[in-house]
Each structure stands twice: as structure tokens, then as C-alpha cells.
Amino acid sequence: MEEVVLLDFWPSMFGMRPRIALAEKDIKYEYKEENIRDKSPLLLQMNPVHKMIPVLIHNGKPICESLIILQYIDEVWNDKYPLLPSDPYQKATARFWVDYIDKNVYAFGKKIWMTKGEEQEKAKRDLIETLRVLEGELGEKPYFGGENMGVLDVALVPYYSWFYSYEICGNFSIEEFCPKLVSWAKECMEKESVSKSLPDQERVYGFVLDLKKFHGIN
């Protein structure tokens, strides 16, 4: 029997990634919810460098960082639903786009709910520009992975659960500027692996309000 444990935190878009991947590959695992303000001894033991979720523990061995976890899941359970393309160039291209997402969507989204005024307006413009670039990469394909969801889809769709928070905090509509991307996200949500892995958008907004209060942001 394989022992698979995921140390996670429910609103984390990075933690949603392995949840989706494990669901797509039909891997049974134990989910352990972490408190990011009071981290468990197990988390500190399994990720002593960054002390952050998500951490996948496979037969007692920890794997950290969401993209690395996705690659690990894809290589270990390679008998069903490949996430990464087999072609080296396509694989490198997918990794490039995941890096682009994490350096831009995350940063600009966070600025939208953490700031006000011109700084927030700039973050909104930057986020829309980033999402439009991703729309261009999606093109006319149903998924970034082509006919099926791939690693880029799994990496990006968790942010959809945060779109509502970005929109309410920034007073704008992502769908108005990026209808194709929102349509893609809704299509992904039709898959059980995604819908069961992503939290309700209004619940995420409640979490964002708690964060704003914690950081003293009105």
C-alpha cells in the first residue's frame, strides 16, 4: 500500500494544483489542513526550508513546491492522464508558462486586494494584460493542453476561485476584458477533479476580507 499525504491550506491556489492532479489520476490520499499562522510540527519537519504548503508526502518522503509536485505526480503515476507533454520542447514551453503565471497573476492579483488608488489601478491593468497574453496562448484550443487538460490548465485554473475577490476589491469585471479565459475556466469547472478541488469564490472572498483585516487594510 502506498501512503500519500497532502499538507495543504484550503484557499491556496498552489495547494489546489496537486488536489486536481491527484483527482485526475484517481490517487487516494490523506488530506491534512494546515494553519498558516500556527504551522504543524509535521509541516516544519517535511518542509524545513520554506515551511510552506503544499507538501506531498509519498511513503514518508516529502516533495515541496506545487510545480515540482505536479511533475512528481505525473512521473510516478504515469499510467493514466499525462499532465506534461512527452516532447521536450512542449514540456519546456509548458514550464515557461507556469512560471509566467506565478510571477504575474499571483503578484498582480495580490496587489489588487492589498492596495488602493493608482497602485491598485496599475495592478488591475497589469493583471488584465497578463490574462490577455494567456488568452493568446490558449488560442482556439479547448484547453491549454490541447484536447485535454494539461499542466498549464492545472496550474492556472485555481486562480479562478480568486477572480471574484479580485473583481470585488478592484471594482471591475475580468470576464468583460477576458471572456475567452473565463469561458475556459468555466469549462474546466465542469470537470469533477476541478470543481471538487476549488473552494467557493465567495468563501475565498471571506478569507480575503480576513486577510485585509489582519494586515490593517481598510
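Eleven aromatic pairs turn up when the whole structure is searched. One of them joins F96 and W97, whose ring centres are 5.2 Å apart and whose planes meet at 80°, so this pair is edge-to-face. Please keep in mind as you read that the model is predicted.

### Two pairs side by side

A pair of aromatic rings is described by the distance of the centres and the angle of the planes. Here are two pairs from this structure.

| Pair | Centre to centre | Angle between planes | Geometry |
|---|---|---|---|
| F96 and W97 | 5.2 Å | 80° | edge-to-face |
| F144 and W184 | 5.2 Å | 80° | edge-to-face |

Which residues of α7 are buried? They are Y160, S161, W162, F163, S165, Y166, C169 and G170. Helix α7 covers residues 160–170, and because eight of its eleven residues are buried, the helix is largely enclosed by the rest of the structure.

Just after α7 comes N171, with a positive phi of about 55°. N171 sits in the loop between α7 and α8 (174–177). With 69% relative accessibility, N171 counts as exposed, because the cut-off for that class is over 50%.

### Other backbone spots worth a look

Most residues other than glycine have a negative phi, and most peptide bonds are trans.

Which residues does a cis peptide bond join? The bond is between I53 and P54, and its omega is about 0°. P54 is located in the loop between α2 (41–46) and β3 (55–58).

E65 is a residue other than glycine with a positive phi, near 75°. You will find E65 in the loop between β4 (61–64) and α3 (66–76). Its relative accessible area is 39%, so E65 is partly exposed.

### Helix α3 and its cover

Moving on to α3, the buried residues there are S66, I69, L70, Q71, I73 and D74. What covers these buried residues of α3? The cover includes α1 (13–24), β3, β4, α4 (88–114) and α6.

### A loop residue and its contacts

Leaving out neighbours within four places in sequence, N148 is in contact with Y81, Y143 and D153. A123 is 25 residues from N148 in sequence, and the two C-alpha atoms are 31 Å apart in space.

### The chain as a whole

Stepping back, the protein chain has eleven helices and four strands. Its radius of gyration is 17 Å, close to the 17 Å that the globule rule gives for 218 residues, so the chain is as compact as a globular protein of that length. Taken along the principal axes, the C-alpha atoms fill a box of roughly 55 × 45 × 30 Å.

Of the 218 residues in the protein chain, 49% are buried. Among the contacts with a separation of 6 or more, 70% are between residues 24 or more positions apart.

As for charge, the chain carries 28 positive and 35 negative side chains. The centres of these two sets lie 5 Å apart.

Methods: Residues are numbered from 1 along each chain as its sequence is written. Side-chain values use heavy atoms; hydrogens and water are left out. Helices (H or I, at least four residues) and strands (E, at least two) are DSSP runs, numbered from the N terminus. The radius of gyration is taken over C-alpha atoms; the globule rule is 2.2 Å times the number of residues to the power 0.38. Buried means under 20% relative accessible area, exposed over 50%, partly exposed in between (1.4 Å probe, protein chains only). Contact means heavy atoms within 4.5 Å. Lys and Arg count as positive and Asp and Glu as negative; His and the chain ends are not counted. The place of a charge is taken as NZ of Lys, CZ of Arg, CG of Asp or CD of Glu. Rings of Phe, Tyr and Trp (its six-membered ring) pair if their centres lie within 6.5 Å; planes under 30 degrees apart count as stacked, over 60 as edge-to-face and the rest as tilted.
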